[in-house]
Amino acid sequence: MAGLLALSRTIDRINEFIGRWVSWLILLAILVSAVNAVIRKVFDISSNAWLELQWYLFGAAFMVAAAYTLKQNDHIRIDIAYGMFPRRVQHWIDLLGHLLFLMPFVVLMVIYFVPYVSLSFHSGEMSTNAGGLIVWPAKAILLVGFFLLALQGVSEIIKKIAIMRGDMEDPNPFISAHEQAELEAKALAEEAKALAGEVRS
C-alpha cells in the first residue's frame, strides 16, 4: 500500500501544480476578450481567431483543472441522501462511484480522443469560421483534461481504500450543509466579537 500511496501523492502534486497554474488562463481569456472588444469598437476590426482563442483558453482552464477540482473534492454533488449515511458508508459510495462511473467514463474518453486528436492533427483541420484557428489544439485540450482526470481518479481510489483500511487520515472529512452553515456562523460571530473589542479599545 505504501507504493500505491506514493503514486497517489505524485499524481496529486502534478494535478495541484497544473490546476493552480492553469487558473491564470481565465485572466488571459478576460484580457483577450477585453482587447478584442476595444479593437472591434475603436477600429471596427474583428477577427474570429480572437474569439476562438477566448474559447480555447476558457476550455483549457475548465478541462485541465477538472482533475485538480476532483482532488480538492470540490465537484458539485447532491448530498441530500449522502449526508444521512455514516462516514464509512460514504467512503463506499465514493469508491464505487469512482470505480463504476468515473473511471469507465474517463478511460473511454481518453481512448476515443486519441484517434480523434491524431486525425485532426495530421489533416491540419482548421476552423470552419473565416479566419479561425487550427482545431487540433482544442481537441488535444480535451484529451489532456480527460487523461489528467483519469490519473486523479486512480489517486482518489487509492486514497479511499487507504482511508477505509486505516492507512491514512481522511483529507476531506464530510461536512453537511447544515454543519457548514453553523461553522460559518460561528466564525462570523467570532469576527464580530473581535471587531467590537477593537472598537471599544
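**Rings, helices and a surface patch**

Visitor: What is the relative accessible area of Trp136?
Guide: This is a predicted model, where local features need pLDDT of at least 70, side-chain atom pairs need 80 or more, and totals for chains, interfaces and linings use all residues. Residues are numbered from 1 along each chain as its sequence is written, and side-chain values use heavy atoms, leaving out hydrogens and water. Buried means under 20% relative accessible area, exposed over 50%, and partly exposed in between, using a 1.4 Å probe and protein chains only. Trp136 falls in the partly exposed class because its value is 29%.

Visitor: How many aromatic pairs does the whole structure hold?
Guide: Rings of Phe, Tyr and Trp (its six-membered ring) pair if their centres lie within 6.5 Å; planes under 30 degrees apart are stacked, over 60 edge-to-face, and the rest tilted. With that rule, the search of the whole structure gives a count of seven.

Visitor: Which helices does the pair of Phe113 and Phe146 tie together?
Guide: These rings are stacked, 5.8 Å centre to centre with 20° between the planes. Both Phe113 and Phe146 are buried. Helices here are DSSP runs (H or I, at least four residues), numbered from the N terminus. Phe113 and Phe146 are 33 residues apart in sequence, so the pair ties together parts in α5 (residues 87-123) and α6.

Visitor: What is the angle between the planes of Phe121 and Trp136?
Guide: Here is another link between distant parts of the chain, with Phe121 in α5 and Trp136 in α6, 15 residues apart. Phe121 is partly exposed because its relative accessibility is 44%. The two rings lie 5.0 Å centre to centre and are edge-to-face, at 90°.

Visitor: Over which ring does the charged end of Lys139 sit?
Guide: A charge sits over a ring if NZ of Lys or CZ of Arg is within 6 Å of the ring centre and within 35 degrees of the ring normal. The ring in question belongs to a cluster linked by ring pairs, with Phe105, Tyr112, Phe113 and Phe146 among its members. At 4.1 Å from the ring centre, the charged end of Lys139 sits over Tyr116.

Visitor: How far apart are the end C-alpha atoms of helix α6?
Guide: The expected span of a helix is 1.5 Å times one less than its number of residues. For the 30 residues of α6 (residues 136-165) that gives 44 Å, and the distance between the end C-alpha atoms agrees, at 44 Å.

Visitor: Which residue follows α6?
Guide: Look for a positive phi, near 85°.

Note on methods
Helix = DSSP H or I, 4+ residues; strand = E, 2+ residues; numbered from the N terminus.
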